[in-house]
Amino acid sequence: MDMAPISASNKTLVTLDLFPYDKPHDDPEDASDNKQTEENINLASLRFTTDQEQREEVHHNVSTKTTLYTDPWTIKKELTKSSIGYLNYLYLNGSIVRSDILRYLPISDQRVVEEGPGLAVNVYDEDTDNMHKLVLKKWPKCLSYILGSAWRREFVVRRDLKIGDVIGIYWDPYESKLHFCVLSR
C-alpha cells in the first residue's frame with residue numbers, strides 16, 4: 001500500500017515535558033520567538049488515570065502502569081540459630097516455595113521434590129559469582145521445604161553467615177536455577 005508523503009506544512013513538533021515542575025512556567029510573551037507550532041504534553045498528568053480509564057483497562061485486560069523496579073527477591077529470610085546450625089539445611093516456607101519455585105518446575109520434578117529424595121538445583125550466589133548445587137525437598141511430615149546437602153559448607157561457612165543476616169532467594173524460570181544474595185548483615 002502506497003502512502004502519500006507528509007508535507008512539511010503538516011508537521012507538528014511535540015515535546016514531552018519530563019520534569020514539569022523543575023522549570024518556571026512558560027511566559028506567553030516568550031512564545032513569539034517560537035517559529036514552529038509546539039504542543040506541550042505534561043507527563044505528570046499521565047501518571048493518574050480516572051476511574052473510568054481504570055475500568056476500561058480492567059475490562060480490556062491491559063495496563064498502562066509502568067513499573068521501574070520490582071524486587072526480585074521473592075523469598076527473604078532472616079537467619080536464625082537453626083538456619084546456620086549443624087543441621088546442614090535451610091528451612092523455607094511451604095506456600096512461598098510452592099508459589100515461587102515449584103510452579104515453574106515440570107510435574108515430574110515437582111513429584112521428586114514433594115515425594116522423593118529431592119531435586120538437585122543450581123544456586124547462583126550473586127554476591128560472589130559462584131554456582132553451587134543444593135537439594136530442594138519437602139521436609140517429611142511438615143509443610144516446609146528445605147535446601148540441603150551442602151547448605152552449611154557452601155553458604156554458612158563460606159559466606160560467614162550469622163544469626164540476624166537477611167538473605168534473599170528467587171527462582172529464575174528461564175535458567176532453571178535459584179539466585180542467592182545476602183541482603184543485609
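## Close-up views of a predicted model

View 1. Isoleucine 96 is partly exposed, with a relative accessible area of 29%. Partly exposed lies between buried, under 20% relative accessible area, and exposed, over 50% (1.4 Å probe, protein chains only). This is a predicted model: local features need pLDDT of at least 70, side-chain atom pairs count only at pLDDT 80 or more, and totals for chains, interfaces and linings use all residues. Residues are numbered from 1 along each chain as its sequence is written, and side-chain values use heavy atoms, with hydrogens and water left out. Isoleucine 96 sits in helix H3 (residues 94-100). Helices (H or I, at least four residues) and strands (E, at least two) are DSSP runs, numbered from the N terminus. Beyond four places in sequence, isoleucine 96 contacts Thr74, Ile75 and Ile101. Contact means heavy atoms within 4.5 Å. Threonine 74 is 22 residues from isoleucine 96 in sequence, yet the C-alpha to C-alpha separation is 8.1 Å.

**View 2. Lysine 177 in strand E9.** Strand E9 (residues 177-184) contains lysine 177. Lysine 177 is buried, at a relative accessible area of 10%. The side chain makes a polar contact of 2.8 Å with the side chain of glutamate 175. A polar contact is a pair of N or O atoms within 3.5 Å; within protein, one must be able to donate a hydrogen and the other to accept it, and residues adjacent in sequence count only if both atoms are side-chain atoms. Outside four places in sequence, the contacts of lysine 177 are Asn122, Tyr124, Met131, Tyr170, Trp171 and Asp172.

**View 3. The open sheet.** Seven strands run in the order E3-E8-E9-E5-E6-E7-E4, with mixed pairing. Strand E3 (75-78) and strand E4 (89-92) are the edges, each pairing on one side only. Two strands pair if DSSP finds at least two bridges between them. From one strand to the next, the twist averages 30 degrees. Helix H4 (residues 107-115) packs on the sheet and touches strand E5 (119-125), strand E6 (130-138) and strand E7 (145-148). The directions of H4 and E6 make about 70 degrees. Axes are lines fitted to C-alpha atoms, for helices over the stretch in contact, and angles run from 0 to 180 degrees between N-to-C directions.

**View 4. The nonpolar core.** The largest nonpolar core has 28 residues. Such a core is a set of buried Ala, Val, Leu, Ile, Met, Phe, Trp, Tyr and Cys residues joined through side-chain atoms within 4.5 Å. Leu147, Trp151, Leu161, Ile169 and Phe180 have the most contacts inside the core. Outside four places in sequence, tryptophan 151 touches residues including Leu79, Tyr89, Leu134, Leu161 and Phe180.

**View 5. Two aspartates with positive phi.** Most residues other than glycine have a negative phi. Aspartate 129, in the loop between E5 and E6, has a positive phi of about 55 degrees. Aspartate 129 is exposed, with a relative accessible area of 54%. Aspartate 160 lies in the loop between H5 and E8, and its phi is near 55 degrees. Aspartate 160 is partly exposed, at 43% relative accessible area.
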